[in-house]
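Here is a short briefing on a predicted model. Keep the sequence and the 3D view open as you read.

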Amino acid sequence: MKEYDVIVVGGGIHGAGVLQAVVAAGHSALLLERRALASGTSSRSSKLIHGGLRYLESGQFALVRESLRERAILLRIASDLVELRPFFIPVYRDTRRRPWQLRLGLSMYALLGGFDASTRFGSVPRREWETLDGLDTRGLDAVIRYHDAQTDDAQLTRAVVQSAMSLGAEIAMPAGFAEARLAQSHVDVSYRQGSSTVECRARVLVNAAGPWAAQVAHAIQPAIAIPAIDLVQGTHIVVPLQVTAGIYYVESPQDGRAVFIMPWKGATLIGTTETPFRGEPDRVHPLPAEEDYLLAVARRYFPALKDITRERIVERFAGLRVLPAATQAAFDRSRETIFVADREPHPRVLGIYGGKLTGWRAAAAHVLARISPSLPVSSRRAETEDLVLRRTT
Ligand SMILES: Cc1cc2nc3c(=O)[nH]c(=O)nc-3n(C[C@H](O)[C@H](O)[C@H](O)COP(=O)(O)OP(=O)(O)OC[C@H]3O[C@@H](n4cnc5c(N)ncnc54)[C@H](O)[C@@H]3O)c2cc1C
């Protein structure tokens with residue numbers, strides 16, 4: 001039976017990040033992914049590497065500071081995958097947040113981002129409004145411009161796995177985690193590959209199965225704690241409009257929620273919705289009502305799209321956010337990652353629930369710190385904040 005220091009379940013951005021952090025610290029690791037890398041949420045996000053400007057309103061300052069720090073690191077180590085883009089917030093007479101509120105928020109954002117050049121912001125002069133991709137200027141009071149970053153989430157995930165493999169990580173794919181049995185100081189893991197079942201052993205099992213994390217946790221014996229979570233569906237659509245000036249951060253005319261309208265592979269990506277989801281995560285798919293909601297947003301801000309219908313959508317995808325269970329609207333809930341160990345201070349299982357694409361490296365560093373007491377002494381091979389990430393295709 002093969003033995004590893006760590007076995008990671010799930011080839012999304014979190015599994016990729018943990019795999020890289022573990023091998024960079026000098027340990028052995030195996031990643032199990034039942035389909036393809038980034039086949040879950042990590043290819044269905046809004047593709048933003050951002051501080052999360054709106055999290056300031058819910059007082060999540062630590063999250064914003066950490067995200068801005070991670071954004072700065074990724075702009076440095078993944079420069080061909082993560083790019084700074086101008087963001088535009090149009091403010092109309094009836095927009096909920098007024099320009100002074102946005103400027104206050106952006107001043108706080110700049111402070112938390114250490115006032116580096118990328119945190120500068122201002123207003124787009126009226127004479128330049130015509131450069132904004134046909135944005136509706138009727139009743140427009142101001143357009144606020146700031147910067148955040150955009151990536152290709154699936155490419156980023158593959159690049160992190162590639163980096164981990166170059167440091168000696170192993171990967172089994174397609175390979176579905178089947179079950180695990182906890183012993184005093186190790187975990188016996190079985191996974192399915194084709195028609196065979198493979199047995200292996202690890203000091204620690206990291207459950208990075210995203211929306212499937214609860215299913216994976218249920219297959220561990222003896223039973224371990226599983227946090228109360230909700231799954232919330234987020235849909236994006238791609239339409240054949242060309243937005244090129246930057247990313248528009250707008251309010252939905254229906255309920256005032258924030259929606260992004262952004263350039264994406266020669267077309268325009270619009271997202272996202274927040275629909276409570278119950279059922280099997282494999283079944284998540286865009287709902288017609290969600291597509292109508294997103295089209296209504298696009299029509300409101302870009303009059304050239306007034307005739308656009310669902311038939312013109314060229315691509316659609318839905319992903320699942322993992323959020324702490326609560327009664328309030330998904331939009332207002334904490335986006336902090338939840339880490340759950342089966343025991344302290346020597347965990348045999350550590351589960352990652354929720355989190356952000358942006359924070360993958362910090363989340364992985366946190367996981368490594370939590371599981372290190374269970375791992376043998378090793379000599380570090382690299383620091384993840386110095387490992388350059390490159391496109392794999
Ligand atoms: C609509 C939406 C928009 C978002 N936008 C942003 C954004 O713009 N910026 C940002 O920072 N964050 C964003 N996020 C959050 C971010 O996308 C997620 O936090 C992140 O992608 C989660 O990655 P993960 O690795 O935890 O899960 P996933 O990417 O879902 O990976 C889990 C993996 O586990 C695998 N798996 C499941 N079960 C098994 C098994 N039994 N055996 C083996 N493998 C298994 C799955 O196949 C999958 O590949 C968004 C999320 C959503 C839903």
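In helix 6, the buried residues are Glu 290, Glu 291, Tyr 293, Leu 294, Val 297, Ala 298 and Tyr 301. Viewed down the helix axis, they fall within an arc of 160 degrees, so they line one face of helix 6.

**Helix 6**
- The face turned away from the buried side carries the exposed residues Pro 288, Ala 289 and Asp 292.
- Helix 6 covers residues 288-301, which makes 14 residues.
- From first C-alpha to last, helix 6 reaches 21 Å, close to the 20 Å expected at 1.5 Å a residue.
- An α-helix has 3.6 residues a turn, so residues three or four places apart point the same way.

**Domains**
- The chain divides into domain 1 (2-42 + 154-227 + 335-386) and domain 2 (85-147 + 230-332).
- The C-alpha centres of domain 1 and domain 2 lie 33 Å apart.
- Contact between them involves 8 residues of domain 1 and 7 residues of domain 2.
- On the domain 1 side, the touching residues are 5 nonpolar, 3 polar and no charged.

**Nonpolar cores**
- The largest nonpolar core has 69 residues.
- Val 6, Val 8, Leu 19, Ala 29, Leu 205 and Val 367 have the most contacts inside this core.
- Helix 1 (residues 13-24) gives the most to this core, with 8 residues.
- Domain 1 and domain 2 each supply at least three residues to this core.
- Apart from this core lies another, of 41 residues, including Leu 132, Tyr 146, Tyr 248 and Trp 264.
- Leaving out residues up to four places away in sequence, Val 8 touches Gly 15, Val 18, Leu 19, Ala 29, Leu 31, Val 206 and Ala 208.

Notes: Residues numbered from 1 in each chain as written. Predicted model: local features only at pLDDT ≥ 70, side-chain atom pairs only at ≥ 80, totals over all residues. Core = buried A, V, L, I, M, F, W, Y, C linked by C-beta atoms within 7 Å. Buried ≥ 20, exposed ≤ 12 C-beta atoms within 10 Å, placed from the backbone. Helix = DSSP H or I, 4+ residues; strand = E, 2+ residues; numbered from the N terminus. Domains from an automatic or database assignment. Contact = placed C-beta atoms within 7 Å. Nonpolar A, V, L, I, M, F, W, Y, C, P; charged D, E, K, R; others polar. Expected span 1.5 Å × (residues − 1). Arc of directions from axis to C-beta.
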